[in-house]
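Please read the following note with the sequence and the structure at hand.

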Amino acid sequence: MNILAFESSCDETAAAVVRDGREILSSAVASQAEMHALYGGVVPEIASRSHIENIVPMADSALAEAGLGKEDVDAVAVTCGPGLIGALLVGVNFAKSAAFALKVPLVPVHHVRGHIAANYLTHPDLEPPFLCLCVSGGTTAIVYVKTYTEMETLGSTRDDAAGECFDKTARVLGIGYPGGAPMDALARQGREDRYDFPRASIREHPLDMSFSGLKTAALNLINRTSQKGEELDLPDFAASFSAAVSDSLVPRVMEAVSDTGCRRVAAAGGVAANTMLRRDLEKACAAGGCRLWLPEIALCGDNAAMIGSQGYYELLAGHTAGMDLNASASLPIEDPWHPES
């Protein structure tokens with residue numbers, strides 16, 4: 001079964017063709033990162049306009065790369081939320097038009113479910129149930145993947161997402177946008193114990209997380225150092241910051257392992273590409289007798305192949321939509337095929 005998939009939830013316009021949920025036939029991505037770097041973050045209106053310009057060429061490119069014609073498409077899958085509402089609407093409306101014209105089912109996909117499914121594309125042997133640490137610019141959560149389409153959020157951030165903290169801190173440091181990659185490159189050269197950053201905990205909900213204090217502490221350190229006329233050691237700063245993020249995530253994953261008895265762990269999302277987080281997850285899972293699956297780096301960021309993978313399993317479960325499908329800026333992972341209108 002060939003799924004033509006679209007992703008436009010933030011600043012990447014992506015289209016892909018995925019066969020049977022596991023095989024990438026093509027994946028085309030038009031990144032807007034360079035454009036938004038001028039402003040230090042995503043400008044929603046600019047993102048939406050760029051999606052409009054790029055989505056038709058991306059669809060054509062995905063089909064051409066796959067060597068397929070429009071008649072070979074069995075279903076159309078699209079991210080319906082969460083994300084920037086204007087950006088989402090471009091992908092949803094184009095996917096609706098494509099499904100209508102091709103006379104094939106339209107499959108709505110939750111963006112974070114798509115990130116989880118990136119692991120299916122990397123690891124043909126991975127099947128639910130498993131625990132997944134979902135970490136990106138907009139989401140930080142521990143999700144219990146019970147089946148391909150039945151999921152439960154066990155813990156999540158109370159405020160900022162981990163990826164958002166990386167982006168905002170990197171912007172203030174002036175080292176680039178998005179912030180994850182430059183922070184990671186610096187951290188690989190630095191000492192993790194040079195700067196003391198907080199690790200927040202929520203006593204009554206031990207699997208929940210908070211990163212606003214970490215972000216504030218990092219920005220305060222940057223400002224204090226600047227006011228004193230001193231210079232930060234950027235590699236040590238990045239390493240210490242990354243360690244604080246990892247220390248806030250990995251122990252909670254292992255606590256979720258203890259709570260559920262599920263000893264199968266995966267990670268997903270842009271921050272899952274972080275070198276220190278991957279290392280610490282590998283160490284913790286090895287020590288705890290867990291098996292770990294990590295997506296390949298190229299599939300950690302936003303892409304349409306992951307949407308096509310999850311779309312396949314949503315389609316098998318009967319989760320399709322009509323021409324009244326709407327986008328939703330916020331959408332629970334537990335019931336994503338009924339977005340608010």
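The numbered points below concern a predicted model.

1. The structure contains zero disulfides. Cys10 takes part in none, and the nearest cysteine sulfur, which belongs to Cys165, lies 16 Å away. Cys10 is partly exposed, its relative accessible area being 23%.

2. A disulfide requires the two sulfur atoms to be within 2.5 Å. Cys290 counts as buried because its relative accessibility is 12%, and the cut-off for buried is under 20%.

3. Five strands form an open sheet with mixed pairing, in the order 3-2-1-4-5. Strand 3 (23-31) and strand 5 (106-110) are the edge strands, each pairing on one side only. On average, neighbouring strands of this sheet are turned by 20 degrees against each other, direction ignored.

4. In general, the strands of a sheet pair through backbone hydrogen bonds, either parallel or antiparallel. Strand 1 (residues 2-7) and strand 2 (residues 12-19) run antiparallel and are joined by six bridges. Within this pair, Leu4 stands opposite Val17 in strand 2.

5. Helix 2 (residues 44-66) packs on the sheet and touches strand 1, strand 2 and strand 3. The direction of helix 2 makes about 25 degrees with that of strand 2.

6. Helix 3 (residues 85-102) also packs on the sheet, where it touches strand 1, strand 4 (75-81) and strand 5. The direction of helix 3 makes about 160 degrees with that of strand 4.

Technical notes: Residues numbered from 1 in each chain as written. Predicted model: local features only at pLDDT ≥ 70, side-chain atom pairs only at ≥ 80, totals over all residues. Heavy atoms only, no water. Buried < 20%, exposed > 50% of the residue type's maximum accessible area, 1.4 Å probe, protein only. Pairing = 2+ DSSP bridges. Helix = DSSP H or I, 4+ residues; strand = E, 2+ residues; numbered from the N terminus. Axes fitted to C-alpha atoms, helices over the stretch in contact; angles between N-to-C directions. Contact = heavy atoms within 4.5 Å.
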